[in-house]
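Q: I have the file open and would like to go through the model with you. Can we start with the backbone and then move to the domains?

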Amino acid sequence: MKNAYNLRSLAATAIGQVLDQGQSLSTVLPALQKNIADKDKALLQELCFGTLRVLPQLEWCIKQLMARPMTGKQRPLHYLIMVGLYQLIHTRIPAHAALAETVEGAVALKRPQLKGLVNGVLRQFQRQQESLLAQADAQESRYLHPSWLLGRIKKAYPDRWQSITDANNQRPPMWLRVNRIHHSRDAYLALLQQAGIAAEIHSGYPDALRLAAPCSVTALPGFAEGWVTVQDASAQGCIPLLDPQDDEHILDLCAAPGGKTTHILEAAPKAHVLAVDIDEQRLKRVQENLERLQLQAEVKSGDGRAPDTWAGDRTFDRILLDAPCSATGVIRRHPDIKWLRRNSDIDELVEVQKAILEAVWPRLKSGGVLLYATCSILPEENHEQIAKFLAGHADAALVETGDLTHPGIQNLPSAEAGDGFYYAKMIKR
């Protein structure tokens, strides 16, 4: 029985909302997936994520195939053609099926008169595919990053920029965090093996396992019971550095969606944790994660730059500041970041990070630990930010994470390791 919806038109709609309206896929996709069959949800996600991952390649091909771009009310058809090209180049969907469904997408988008155009462009691409892709590989667009971001990565990592962009363009591995309240990592690894799921341990992070191939969380032993959480390895690196202890008062700032909040409590179940985030909608995810894992924390909405409004006169033994950032370290998980971010955003984010650091440092007890973390790879947000903070605060001492000439630890994304992530651990003298 034929579906009442067309997945290719839904993907084109999602891509338009990202590129034209500046919305993130994590916001757009759930609404579009509500009314489609479970078996189709993964394909819709693949079409959206994949198209945005290789966007410059698809744009270049369309420019060669069409005399002028489709604009205005016809713009959704431009994105539909992109989705068609993505299927032909990057998926195993049979070409005839990809073509037929994509052409029908024009009807779903209320442009039936343009079915012939969509069909013609895609068939022309098929005839010229080998030549067009060879030419596309000779363009700078082959790196699949906007030029401003490519320039920043080249400047920061002159010897490693290609490996970074290559990693950004891969599908991410699936990492698990074993809940040590229930099982040791090795014990849970044995449960995975019994379930026929292959996985490997992380040599540096005590709770991390990487699956040989991604799978549904419903296949994971004890997921509903809170035995395990899906979380990238690099994000898990925060907790060994923070080293939370039972009975301490701990602030998790910019906490949503709660992955690190719950990790703190798995490591120190009797800690008094306050989780704060400015986004009330995303705080719902913190509550959901706490409930699934059967953990307790105080959850509040608030701006990190104004702790008086949510902390009163409280001070903390440890503070995890997972600062708002460019997210340039997690592009492989969120390829829309490449097209949502602007060069001008970086300076603005640096100012917000500085303001939050300055505001919460007085809330740290003497002898307490502040762990500054971002999922960015850009120096301005990371070691340069911390170097300036240390220079301006005689009572801040960097520990365990680099030295004053280059403070902090910078993880870079790589195919089988974690995402790009930065940590700097400071103790208040």
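Q: Where is aspartate 243 found?
A: Aspartate 243 sits in the loop between helix H12 (238-242) and S5. Helices (H or I, at least four residues) and strands (E, at least two) are DSSP runs, numbered from the N terminus. This is a predicted model, in which local features need pLDDT of at least 70 and side-chain atom pairs count only at pLDDT 80 or more, while totals for chains, interfaces and linings use all residues. Residues are numbered from 1 along each chain as its sequence is written, and side-chain values use heavy atoms, with hydrogens and water left out.

Q: What is phi of aspartate 243?
A: Phi is near 55° there, a positive value in a residue other than glycine.

Q: Which residues does a cis peptide bond join?
A: Alanine 256 and proline 257, with omega about 10°. Proline 257 lies in the loop between strand S5 (249-253) and helix H13 (259-267).

Q: On to domains. What does the domain assignment give?
A: Domain 1 (7-143) and domain 2 (232-428); the bounds come from an automatic or database domain assignment. Their C-alpha centres lie 37 Å apart. The contact (heavy atoms within 4.5 Å) takes 11 residues from domain 1 and 7 residues from domain 2.

Q: What area do domain 1 and domain 2 bury between them?
A: About 760 Å², with 67% of it on carbon and sulfur atoms. Buried area is the accessible area (1.4 Å probe) that two parts lose on being put together, summed over both.

Q: Which three residues supply more than any other three of the area domain 1 buries against domain 2?
A: Phe49, Leu52 and Arg53, which supply 47% of that area.

Q: How many salt bridges between domain 1 and domain 2?
A: The count is 0, taking a salt bridge as a side-chain nitrogen of Lys or Arg within 4 Å of a carboxyl oxygen of Asp or Glu.

Q: Which helices supply at least two residues each to the side of domain 1 that touches domain 2?
A: Helix H1 (7-21), helix H3 (38-53) and helix H4 (55-65). H3 gives the most, with 3 residues.

Q: How many salt bridges does the structure hold?
A: The structure holds 22. One of them pairs aspartate 38 with lysine 41, the closest N and O atoms being 3.1 Å apart.

Q: Why are aspartate 38 and lysine 41 separated by about one helical turn?
A: Because the two are 3 residues apart in helix H3.

Q: And how many aromatic pairs?
A: The count comes to 4. Rings of Phe, Tyr and Trp (its six-membered ring) pair if their centres lie within 6.5 Å; planes under 30 degrees apart count as stacked, over 60 as edge-to-face and the rest as tilted. Tyrosine 372 and tyrosine 422 form an edge-to-face pair, 6.2 Å centre to centre with 75° between the planes.
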